Amino acid sequence: MTDAADEGPMLWALAVRETEDGGVVAEVIVEAGEGHYGALAVDAWESGFVVAAGEVPVTTGAVQVRRGRFERLVLVGGRQVWEPQPALAVSPRWLSAAERGEVLVTMVLPGTWPPDLAELPPDRRAEAFEDRLEIAQENGTVLQGVVGVDLA
């Protein structure tokens with residue numbers, strides 16, 4: 001079992017994205033540190049993730065949410081587990097979007113997260129993050145997959 005807490009820093013974010021048809025999708029965004037990005041990427045590939053460039057495939061992965069907190073990302077048919085430490089509180093909007101049974105997971109290379117994000121004014125943080133994510137997607141360095149969601 002892979003426990004991200006034992007393998008160095010990982011950055012996690014939960015987002016809600018609007019779809020082209022006006023719906024919403026819950027998203028988990030994760031940046032693994034250099035010490036374990038390779039293992040996370042292998043787990044993602046083996047679960048069916050692809051480089052973000054169009055249609056996002058349904059994978060064998062799953063996210064688990066317990067008591068209003070995102071606790072883990074399960075990959076490779078349940079054999080590998082990645083956990084934020086501590087578990088992340090989910091917003092009511094994210095939870096509502098996840099209730100449709102699927103979550104988009106986006107994995108980015110180390111260094112994608114804006115290094116000065118915490119220092120930016122709160123109203124500028126989301127835009128700065130989106131800018132960096134968009135550049136990573138254009139460069140083909142983002143892995144994405146749709147995973148099932150286990151809400152309890």
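**Confidence.** I checked how far the model can be read, and I found a mean pLDDT of 89 for the protein chain, with 95% of its residues at 70 or more. Where pLDDT is low, the predicted coordinates should not be read in detail.

**Ring pairs.** The ring centres of Trp-113 and Phe-129 are 4.7 Å apart and the planes stand at 65°, which is over the 60 degrees required, so I noted the pair as edge-to-face. Trp-113 sits in the loop between β8 and α3 (122–138) while Phe-129 belongs to helix α3, and the pair thus links distant parts of the chain, 16 residues apart.

The count of aromatic pairs comes to two, and the other entry I made is for Trp-12 and Phe-70, a tilted pair with 5.4 Å from centre to centre and 55° between the planes. Because Trp-12 lies in strand β1 and Phe-70 in strand β5, this pair ties together parts that are 58 residues apart in sequence. I found both Trp-12 and Phe-70 to be buried.

**Nonpolar cores.** Which residues have the most contacts inside the largest nonpolar core? I listed Val-63, Leu-73, Trp-94, Val-103 and Met-107, in a core of 29 residues. The elements that give two or more residues to this core are the strands β1 (10–18), β2 (24–32), β4 (58–66), β5 (69–75), β8 (102–108) and β9 (142–151), together with the helices α1 (37–47) and α2 (92–98). There is also a second, separate core of 13 residues, and Ala-13, Ala-52, Phe-129 and Ala-136 are among them.

I then followed Leu-73 on its own, leaving aside neighbours within four places in sequence, and found Leu-73 in contact with Trp-12, Ala-62, Val-63, Gln-80, Val-81, Trp-82, Val-105 and Met-107.

**Helix α1.** I looked up the buried residues of α1, which are Tyr-37, Leu-40, Ala-41, Asp-43, Ala-44 and Ser-47. Seen down the helix axis, these buried residues of α1 fall within an arc of 160°, and so they line one face of the helix. Just after α1 I noted Gly-48, with a positive phi of about 110°.

Most residues other than glycine have a negative phi, and most peptide bonds are trans. Against that background I recorded Arg-67, which is not a glycine and yet has a positive phi of about 50°, and which is placed in the loop between β4 and β5. Val-76, again a residue other than glycine, has a positive phi near 55°, and its place is in the loop between β5 and β6.

Are Arg-67 and Val-76 buried or exposed? Arg-67 is exposed, with a relative accessible area of 69%, whereas Val-76 is buried, with a relative accessible area of 5%.

My last entry is for the peptide bond from Gln-85 to Pro-86, which is cis, with omega near 0°. I located Pro-86 in the loop between β6 (80–82) and β7 (88–89).

Methods: Residues are numbered from 1 along each chain as its sequence is written. This is a predicted model: local features need pLDDT of at least 70, side-chain atom pairs count only at pLDDT 80 or more; totals for chains, interfaces and linings use all residues. Side-chain values use heavy atoms; hydrogens and water are left out. A nonpolar core is a set of buried Ala, Val, Leu, Ile, Met, Phe, Trp, Tyr and Cys residues joined through side-chain atoms within 4.5 Å. Buried means under 20% relative accessible area, exposed over 50%, partly exposed in between (1.4 Å probe, protein chains only). Helices (H or I, at least four residues) and strands (E, at least two) are DSSP runs, numbered from the N terminus. Contact means heavy atoms within 4.5 Å. Rings of Phe, Tyr and Trp (its six-membered ring) pair if their centres lie within 6.5 Å; planes under 30 degrees apart count as stacked, over 60 as edge-to-face and the rest as tilted. The arc is that of the directions from the helix axis to the C-beta atoms. pLDDT is the predictor's confidence in each residue, from 0 to 100.
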